[in-house]
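Please walk me through this structure, from the chain as a whole down to single residues. I would like plain paragraphs that I can follow with the model open beside me.

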Amino acid sequence: MRKIVALSVAVLLVTWLLIVGLDAAHVMPVEASTQAVSVDWMWKLMEIVMSFLTALILVPMFYSLVVFRRRKGETGEGVHVDGNTKLELIWTAIPLVAVVVFAILGGGNLADVLRQDPNAMVVKVTGHQWSWKFEYPADPETGLTVVSDELHLPVGQQVLLLMTSSDVIHSFWVPEFRLKQDLVPGRFTKLTITPSEVGNYAVRCAELCGTSHAYMENPVIVSTRDDYSAWLSLKIQEAKVAATDPVGFGEILVKQNGCVACHSITGAAGIGPTWLNLFGATVKLSDGTTVTADQAYLTESIKEPQAKIVASFTTQMPTYGFTDDQIAALVAYIETLK
Ligand SMILES: [Cu+2]
């Protein structure tokens, strides 16, 4: 009986140490959405149960190793023990109940996290190799839509992300929001998030999607409603400029689509050729021929990136679904880079 009491105390002590240790390790980043609160509550519960189970296995194991070790001069066999119905019933029933309870709690938790607010703001998310694109609701006055490679969200307002991919499967993951959802080409998936903490975060792709998967990370900015509105009106202003000035529009498209991740405008080397002094230059192609970088060539390079490959570069340029206007604007912008 004394041994059982000592063991139980040791198990509880180790459980407590494990919980304190895990908390001190700060395995979770800040809780930045209301959904994160539900997820973390469940996680905490799991952490307690897992710590207890770990202690329940490790403590008696080390205890037995020490207390029941073979002593000097002992040569006999150990006691032969054959089954214990009572013990087996207990260790079947308790985990069964635990699993059922967790399933019920988990179901409730999932319902909480997926609950959709009818007034949610809808943002369209497109993943492509290897960046993110966010399309905001159209401006009611001008009808212009804002597209950005940054996700800006007002705090306290639920957002419904309507997500798809233009190439392979990607996965939307902002650790501070705790939620993760795949983006699948040819269909739309949804994710609801209610940001609760102003701050700068990042969306990471959580599905291996090609050579630059590791760099598929874009900013997520949660700001006050006022700051968000200010940012949005600035973007709408930019979109108005875009509608009248092709070069400006081209520059905006370049920013929105993250072209500069591969192409420098300074002459610096990158995954793709620099755009500095590109227009009018003679470009060597991988098949040994040369071509002049005129409007037709640049247009083709953007429309069908695989048609002609620049010598000493690989076929990493993604295909975008640009309209002719957009491509003309991009080419007009590249023309100005001298
Ligand atoms: Cu990806």
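Of the 338 residues in the chain, 20% are buried; a residue counts as buried if 20 or more other C-beta atoms lie within 10 Å of its own, as exposed if 12 or fewer do, and as partly exposed in between, with C-beta atoms placed from the backbone. The model is predicted: local features need pLDDT of at least 70 and side-chain atom pairs count only at pLDDT 80 or more, while totals for chains, interfaces and linings use all residues. Residues are numbered from 1 along each chain as its sequence is written.

The radius of gyration of the chain is 29 Å, whereas a compact globule of 338 residues would have one near 20 Å. This radius is taken over C-alpha atoms, and the globule rule is 2.2 Å times the number of residues to the power 0.38. Along its principal axes, the C-alpha trace spans about 90 × 50 × 35 Å. Among contacts with a separation of 6 or more, 66% are between residues 24 or more positions apart; two residues are in contact if their C-beta atoms, placed from the backbone, lie within 7 Å.

The chain has seven helices and twelve strands. These are DSSP runs numbered from the N terminus, with helices (H or I) of at least four residues and strands (E) of at least two. Three domains divide the chain: domain 1 (2-62 + 88-114), domain 2 (121-244) and domain 3 (246-335). Their bounds come from an automatic or database domain assignment.

The C-alpha centres of domain 1 and domain 2 lie 35 Å apart. Ten residues from domain 1 and 14 residues from domain 2 take part in the contact. On the domain 1 side, α2 (34-67) and α3 are the elements that give two or more residues, and α2 provides the largest share, four residues.

Helix α3 covers residues 85-114. At 1.5 Å a residue its 30 residues should span 44 Å, and the end C-alpha atoms are 43 Å apart, which agrees; the expected span is 1.5 Å times one less than the number of residues. This helix is hardly covered, with one buried residue among its 30.

Next come the sheets. Strand β1 (residues 121-128) runs antiparallel to strand β2 (residues 131-135), joined by five bridges, and the two form a hairpin with two residues between them. Across this pair, Lys124 stands opposite Glu135 in β2. Glu135 also stands opposite Val147 in β3, where β2 and strand β3 (residues 147-148) pair in the antiparallel sense over two bridges.

Another open sheet has five strands in the order β4-β10-β9-β6-β7, with mixed pairing. Here β4 (151-154) and β7 (180-183) are the edge strands, each pairing on one side only. Neighbouring strands of this sheet are turned by 25 degrees against each other on average, direction ignored. Strands β6 (residues 170-173) and β9 (residues 199-205) run antiparallel and are joined by two bridges; Trp173 stands opposite Arg204 in β9. Helix α4 (residues 225-244) lies across β4 and β10 (217-223), running at about 140 degrees to β4. Axes are lines fitted to C-alpha atoms, for helices over the stretch in contact, and angles run from 0 to 180 degrees between N-to-C directions.

Helix α5 (residues 246-257) has twelve residues, which should span 16 Å at 1.5 Å a residue; its end C-alpha atoms are 16 Å apart, which agrees. Its buried residues are Phe249, Gly250, Glu251, Ile252, Leu253 and Gln256, and what covers them includes β2, β3, α4 and α7. Gly258 follows α5 and has a positive phi, near 65 degrees.

Helix α7 (residues 324-335) contains Ile327. Is Ile327 buried or exposed? Ile327 is buried, because 20 other C-beta atoms lie within 10 Å. Leaving aside neighbours within four places in sequence, Ile327 is in contact with Thr299, Ile302, Lys303 and Phe322. Leu179 is 148 residues from Ile327 in sequence and 35 Å away in space, C-alpha to C-alpha.

Technical notes
Two strands pair if DSSP finds at least two bridges between them.
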